[in-house]
Amino acid sequence: MARTLIANGTVVTATDQVSADVLIADEKVVALATPGSHDWSADQTIDASGKYVIPGGIDVHTHMELPFGGTFASDTFETGSRAAAWGGTTTIVDFAVQAKGQGVMEGFETWMEKAAGNCAIDYGFHMIVGDVNEQSLKEMDAVMGEGVTSFKLFMAYPGVFYSNDGEIFRAMQKASEIGATIMMHAENGIAIDVLVEQALQRGETDPVNHGLVRKSILEGEATHRAIKLAELAGSPLYIVHMSALEALEEVTIARDQGLDVFAETCPQYLFLGLDDLGNGFEGAKYVASPPLRDWEAGHQEELWRGLRSNDLQAVSTDHCPFCMDEFDGLIAQKRLGEGDFSKIPNGMPGVEPRLELMYEGGVAQGRISLNRWVEICSTAPAKMFGLYPQKGAVAPGSDADIVIFDPNKSRVISVDNQHMRVDYSAYEGTEVSGSVDTVLSRGRVVVANGEYHGETGHGRYLPRGHNQYVL
Ligand code: URP
Ligand code: ZN
Ligand code: ZN
């Protein structure tokens, strides 16, 4: 058995902060002990003095290779999972896609093939149900058997992934029957499309209009509707990529009523705003749905409040990068929407800087505690999607997915030092006061001393259990 000792660090979990040495045997954490209180020997010792030892980050919302807007998200499972590892994320849960006219199982198998042998870190799948019908409802059972316990539906993107209320309700009934969680993209896509048409007819074609037509009230409305349908159907509901205070208000009310309603937000909705969508076509870099919101209206601070108060449970990235210009053999993907903002592929890169951004905006700037940082970036996502305590913990028996985080080593986020396969950083020039130092995935060092030691194919598929917040 290969033994690794992480010595002299401060182990920070969702609940505790203790000085402890961590002993790893092969792929698992086997023991924790006070430094100096044991005589453990190891094949390698990593000194973590002055640093935090935390469970590896878990990003439960990524889209490697997602087909969207006539192109594909630019990160493959290979490049995207490697970039995730660089940033201290050791598990991703990506979205397999059932396209219109396809089977659910067929979509799952296609995505399994895309990922197999290509990931640097462990990975699981949610299932996008893009065509709710009798057969898909039956196949939800079958993919549950493969460890896919969450299904994403869309109230947005009519003609692509969109489901109407009846279809949503049917899928929620099915989820309730089989113990699955429904994930919802909650924006009223039908009303948004009317506003898109009207804007284009007025000649308003720049990227900023993406933010102007996708009104926050329409995110609030869709969130309310999703909650009511889920309440009636009896299914747990997880609202993805929440950006609007109106939506958070709905989730807060539902949670106060004791409903199994949960939600995540993403760093882009905490750090960026509608202004970023301005500046001519440069704003295309920031086109994602829901859109970045107006700072003046207070969405960002309200989302931070939600994270503090547990009205929001997790921070994921919705990583879905598209290049601005030709890059690494890819076309200028965002430019597909030059002259028509509605044709800009929706999505932004973010899987790499999540942990550092959340440390900076959350812990360093005094908005959340160190424990809460670990909870929203790792432990809660693990529990929400049936991976705890294999993932999301530093405890005997857990996978040795560990990040050593240096709270005193600042760095500047830039396209020049990132590893995502995309030609810009949405956070260019942002200084973070702490940074990822060392990353282990199932006991194997994948990042150390600014170097990558990971291996394509090391990552394994993770069949997942039920939502652990639901009784
Ligand atoms: O703009 C986004 N969010 N692109 C990815 C697809 C989705 O809706 O999550
Ligand atoms: Zn979405
Ligand atoms: Zn997404």
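R214 is buried, with a relative accessible area of 7%; buried here means under 20% relative accessible area, exposed means over 50%, and partly exposed lies in between, using a 1.4 Å probe and protein chains only. This is a predicted model, in which local features need pLDDT of at least 70 and side-chain atom pairs count only at pLDDT 80 or more, while totals for chains, interfaces and linings use all residues. Residues are numbered from 1 along each chain as its sequence is written, chains are lettered from A and ligands numbered from 1 in the order in which they are written, and side-chain values use heavy atoms, with hydrogens and water left out.

Let us stay with R214 for a moment. You will find R214 in the loop between α6 (208–213) and α7 (216–233). Helices (H or I, at least four residues) and strands (E, at least two) are DSSP runs, numbered from the N terminus. Leaving aside residues up to four places away in sequence, R214 touches A156, Y157, E187, I192, S289, P291 and R293, where contact means heavy atoms within 4.5 Å. With one of these, S289, the side chain of R214 makes a polar contact of 3.2 Å. A polar contact is a pair of N or O atoms within 3.5 Å; within protein, one must be able to donate a hydrogen and the other to accept it, and residues adjacent in sequence count only if both atoms are side-chain atoms.

S289 also leads us to a feature of the backbone. The peptide bond from S289 to P290 is cis, with omega near -5°, and P290 is found in the loop between α9 (267–271) and α10 (299–309). There is another cis bond to look at, from Y388 to P389, with omega near 5°. P389 belongs to the loop between α12 (370–384) and β16 (402–406). In general, most peptide bonds are trans, and most residues other than glycine have a negative phi.

That brings us to H241, which is not a glycine but has a positive phi of about 30°. H241 counts as buried because its relative accessible area is 1%. R442 is also not a glycine and has a positive phi, of about 45°; R442 lies in the loop between β19 (435–441) and β20 (444–448).

Together with K152 (NZ) and H185 (ND1), H241 (NE2) coordinates the zinc ion (ligand 2), at 2.1 to 2.2 Å. Donors are N, O and S atoms within 2.8 Å of the metal (3.2 Å for Na, K and Ca); water is not among the atoms, so sites may look incomplete. H185 lies in strand β12 (residues 181–185) and H241 in the loop between β13 (237–239) and α8 (245–256), so the pair ties together parts that are 56 residues apart in sequence.

How far apart are the zinc ion (ligand 2) and the zinc ion (ligand 3)? They are 3.8 Å apart. The zinc ion (ligand 3) is coordinated by H61 (NE2), H63 (NE2) and D318 (OD), at 1.9 to 2.1 Å. H61 counts as buried because its relative accessibility is 0%, and H63 counts as buried at 4%. The site of the zinc ion (ligand 3) is irregular, with angles of 89 to 140° among its 4 donor atoms. Four donors count as tetrahedral if all angles lie between 85 and 135 degrees; four count as square planar and six as octahedral if opposite donors are over 155 degrees apart and all others between 65 and 115; anything else is irregular.

Finally, let us turn to the aromatic rings. A search of the whole structure finds 18 aromatic pairs. Among them, F77 and F125 are edge-to-face, 6.0 Å centre to centre with 75° between the planes. Rings of Phe, Tyr and Trp (its six-membered ring) pair if their centres lie within 6.5 Å; planes under 30 degrees apart count as stacked, over 60 as edge-to-face and the rest as tilted. F77 lies in helix α1 (residues 77–86) and F125 in strand β10 (residues 122–129), so this pair ties together parts that are 48 residues apart in sequence. Ring pairs link F77, F108, Y123, F125 and Y461 into a cluster.
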